[in-house]
Amino acid sequence: MKFAIALFAPPHAPSARRALRFAQAVLAGGHEITRLFFYQDGVHSGSHNVVTPQDELDLSAEWREFVREQQLDGVICIAAALRRGVLSSEEAERHSRPAANLAPDWELSGLGQLHEAMQLADRTICFGGH
Amino acid sequence: MAKSLLLISRQAPWSGPGAREALDIALAGGAFDLPLAMLFLDDGVLQLTQAQQPAQLQQKDLTANLQALPMFGVEALYACNRSLFERGVDSGALNLPVELLDEHGLSALLQRYDLVITL
């Protein structure tokens, strides 16, 4: 079965951890992930600048590793990311900001990517909505 | 056939970008001609009140964006009657043409859509 996974909560929220564990379980169970889409405060999980204490779970790092190893389509909403200061080098340059912090495993794009993923997947699972 | 989406908006317009970001999902879906509906539930019904003064909070008015929904082909608009009543919002004076739903209407609505996002 094909799953689209949407995350709306920040990396320190329990639902962000559940989203990652669910995504890992999807692949472990022999299913496919059509796309990961991070929106609202979920965009912070795409930041390369999240620093957690050494003895705590570094969720952003785990996401990066997961997306890279599994070669997943990981999309972060560009409008939500800009609003929260998660910038690719192109966006940092475009908006004259001093640094980029989007991890290279992610792509910034629009909400059309969420709709497309929901249409292509058999199931859409959302984490961290209200 | 395209999967249908019900978007449930539960945030007050002044509570941060949540209400606007929920609306943006609907507008983006409308632009792709996807079958979708929007339900205003809990504090989300406060988006529907008239004569809001967001400038007092240095915020932009969401009302004009909400009114763009029908232009984007999103005409299935619903509000929870109980949420309006609990917050003292006059259901006869809303800024969008929404259909009011009671508990039975809400559960029937949820059954009708393939996908549900709650924000």
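Guide: A residue counts as buried if 20 or more other C-beta atoms lie within 10 Å of its own, and as exposed if 12 or fewer do. The model here is a predicted one.

Visitor: Why is B:Val74 called buried?

Guide: B:Val74 has 22 other C-beta atoms within 10 Å. The cut-off is 20 or more, so B:Val74 is buried.

Visitor: Where in chain B is B:Val74 found?

Guide: B:Val74 belongs to the loop between helix H2 (63–66) and strand E3 (76–80) of chain B.

Visitor: Which residues does B:Val74 touch, apart from those up to four places away in sequence?

Guide: B:Val74 touches B:Ala26, B:Gly30, B:Leu36, B:Met38 and B:Leu69. By contrast, B:Gln59 is 15 residues apart from B:Val74 along the chain, and their C-alpha atoms are separated by 25 Å.

Visitor: What makes strand E1 (residues 5–9) of chain B largely enclosed?

Guide: Five of the five residues of this strand are buried, so the rest of the structure largely encloses E1(B). Both faces are covered: B:Leu5, B:Leu7 and B:Ser9 are buried on one side, and B:Leu6 and B:Ile8 on the other.

Visitor: How do you know that E1(B) pairs with strand E2 (residues 36–40) of chain B?

Guide: Two strands pair if there are at least two bridges between them. Five bridges join E1(B) to E2(B), and the two run parallel.

Visitor: What makes the radius of gyration of chain B agree with a compact globule?

Guide: A compact globule of 119 residues would have a radius of gyration near 14 Å, and chain B has 14 Å, so the two agree. The C-alpha trace of chain B spans about 45 × 30 × 20 Å along its principal axes. Of its 119 residues, 34% are buried.

Visitor: Which elements does chain B have, and in what pattern?

Guide: Chain B has four helices and five strands. Along the sequence they follow the pattern β-α-β-α-β-α-β-α-β.

Visitor: And chain A: how many helices and strands are there?

Guide: Chain A has five helices and five strands, in the order β-α-β-α-β-α-α-β-α-β from the N terminus on. Its radius of gyration is 14 Å, close to the 14 Å that the globule rule gives for 130 residues, so chain A is as compact as a globular protein of that length. Buried residues make up 45% of those 130.

Visitor: What order do the strands take in the open sheet of chain A?

Guide: The five strands stand in the order E4-E3-E2-E1-E5, with parallel pairing. Strand E4 (107–109) and E5 of chain A are the edge strands, because each pairs on one side only. The twist from one strand to the next averages 25°.

Visitor: How do you know that the span of helix H1 (residues 14–28) of chain A is close to what is expected?

Guide: The helix has 15 residues, and at 1.5 Å a residue 21 Å is expected. From its first C-alpha to its last, H1(A) reaches 21 Å.

Visitor: Which residues of H1(A) are buried, and why are they said to be on the same side?

Guide: A:Ala16, A:Ala19, A:Leu20 and A:Ala23 are buried. They cover an arc of only 95° around the axis, which puts them on the same side of H1(A). An α-helix has 3.6 residues a turn, so residues three or four places apart point the same way.

Visitor: What covers these buried residues, and what does the face turned away carry?

Guide: The cover includes strand E1 (2–7), strand E2 (32–38), helix H2 (59–70) and strand E5 (123–127) of chain A. The face turned away carries the exposed residues A:Pro14, A:Arg21, A:Ala25 and A:Ala28. After the helix comes A:Gly30, whose phi is positive, near 85°.

Visitor: How many residues does each chain give to the contact between them?

Guide: Chain B gives 18 residues and chain A gives 16 residues. On the side of chain B, helix H1 (18–31) and strand E5 (115–118) are the elements that give two or more residues. The largest share, six residues, comes from H1(B).

Methods. Residues are numbered from 1 along each chain as its sequence is written. Chains are lettered from A and ligands numbered from 1 in the order in which they are written. This is a predicted model: local features need pLDDT of at least 70, side-chain atom pairs count only at pLDDT 80 or more; totals for chains, interfaces and linings use all residues. The expected span of a helix is 1.5 Å times one less than its number of residues. The arc is that of the directions from the helix axis to the C-beta atoms. Two residues are in contact if their C-beta atoms, placed from the backbone, lie within 7 Å. The radius of gyration is taken over C-alpha atoms; the globule rule is 2.2 Å times the number of residues to the power 0.38. Axes are lines fitted to C-alpha atoms, for helices over the stretch in contact, and angles run from 0 to 180 degrees between N-to-C directions.
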